[in-house]
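Subject: Structure handover

Hello,

Here is the structure for you to look through. My notes follow below it.

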Amino acid sequence: MKKVIATDKAPAAIGPYSQAIETNGLIFISGQLPINPATGDFPSEDIKEQTAQSFENIKAILAEAGLTTDNIVKTTVLLNDIANFAGMNEVYNAQFTGTFPARSAFAVKDLPKGALVEIEVIAAR
């Protein structure tokens with residue numbers, strides 16, 4: 001069985017997908033753009049601020065499921081430009097205590113709405 005996890009404290013899906021799906025103790029969070037759910041806008045054109053906003057959205061979805069970043073086991077980070085890796089990584093590093101999750105990070109041609117970063121995660125209960 002799968003359960004939809006959704007919160008208005010993270011941006012609504014901009015397409016035919018769920019914010020997150022839980023199945024068999026795993027929570028799959030869709031890629032989170034750096035959209036402030038209150039304004040519908042990016043916080044700025046700065047990679048650090050955009051990365052922080054993407055994580056705020058992830059944390060809101062995790063909280064809805066009763067979890068924290070400590071439950072994240074895998075992340076995938078998409079960047080619009082690999083030159084943004086260091087700035088993203090600085091903010092990313094501050095999101096975790098103890099063991100870091102497994103991660104993939106790579107540049108893509110474009111991201112929706114012109115975002116600089118998009119982050120998806122898998123968490124476990």
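First, a term: a cavity is a set of points, on a 1 Å grid over the protein atoms alone, where a 1.4 Å probe fits but cannot get out. Grid points are joined across faces, edges and corners, and a volume is the space filled by probe spheres set on the points. This is a predicted model: local features need pLDDT of at least 70, side-chain atom pairs count only at pLDDT 80 or more, and totals for chains, interfaces and linings use all residues. Residues are numbered from 1 along each chain as its sequence is written, and side-chain values use heavy atoms, with hydrogens and water left out.

The cavity

A search of the whole structure turns up one cavity of 30 Å³ or more. The largest cavity holds about 80 Å³ of space. Its lining residues (an atom within 4 Å of a point) include Pro11, Tyr17, Gln19, Gln32 and Ile35. The lining splits into seven nonpolar, three polar and no charged residues. Here Ala, Val, Leu, Ile, Met, Phe, Trp, Tyr, Cys and Pro count as nonpolar, Asp, Glu, Lys and Arg as charged, and the others, Gly among them, as polar.

Glutamine 32

This lining residue sits in strand 3, residues 26-32. Strands (E, at least two residues) and helices (H or I, at least four) are DSSP runs, numbered from the N terminus. Glutamine 32 counts as buried because its relative accessibility is 3%. The cut-offs are under 20% relative accessible area for buried, over 50% for exposed, and partly exposed in between (1.4 Å probe, protein chains only). The side chain of glutamine 32 reaches the backbone oxygen of serine 30 at 3.1 Å. Beyond four places in sequence, glutamine 32 has contacts (heavy atoms within 4.5 Å) that include Ala10, Gln19, Asn57 and Val117.

Helix 1

Helix 1 covers residues 47-64. Aspartate 46 caps the N-terminal end: a side-chain oxygen lies 3.1 Å from the backbone nitrogen of lysine 48. After the helix comes glycine 66, with a positive phi near 80 degrees.

Buried residues of helix 1 include Ile47, Phe55, Asn57 and Leu62. The buried residues pack against several elements, among them strand 1 (3-5), strand 3 and helix 2 (85-93). Asparagine 57 is in helix 1. Its relative accessible area is 1%, so it is buried. Asparagine 57 touches Gln32, Leu33 and Pro37, among others.

Proline 37

Where is proline 37? Proline 37 lies in the loop between strand 3 and helix 1. It counts as partly exposed because its relative accessibility is 35%. Proline 37 touches residues including Asp8, Lys9, Gln53 and Asn57. Its C-alpha atom is separated by 18 Å from that of proline 16, 21 residues apart along the chain.

Positive phi outside glycine

Asparagine 24 has a positive phi, near 50 degrees. Asparagine 24 is in the loop between strand 2 and strand 3. At 75% relative accessibility, asparagine 24 counts as exposed. Lysine 113 also has a positive phi, near 60 degrees. Lysine 113 is in the loop between strand 5 (102-107) and strand 6. Its relative accessible area is 55%, so lysine 113 is exposed.

Best wishes

Methods. Polar contact = N/O pair within 3.5 Å; in protein donor to acceptor, adjacent residues only side chain to side chain. 1 Å grid on protein atoms, 1.4 Å probe; cavity = no way out; pocket = protein on both sides within 12 Å on 5 of 7 lines; lining within 4 Å. Expected span 1.5 Å × (residues − 1).
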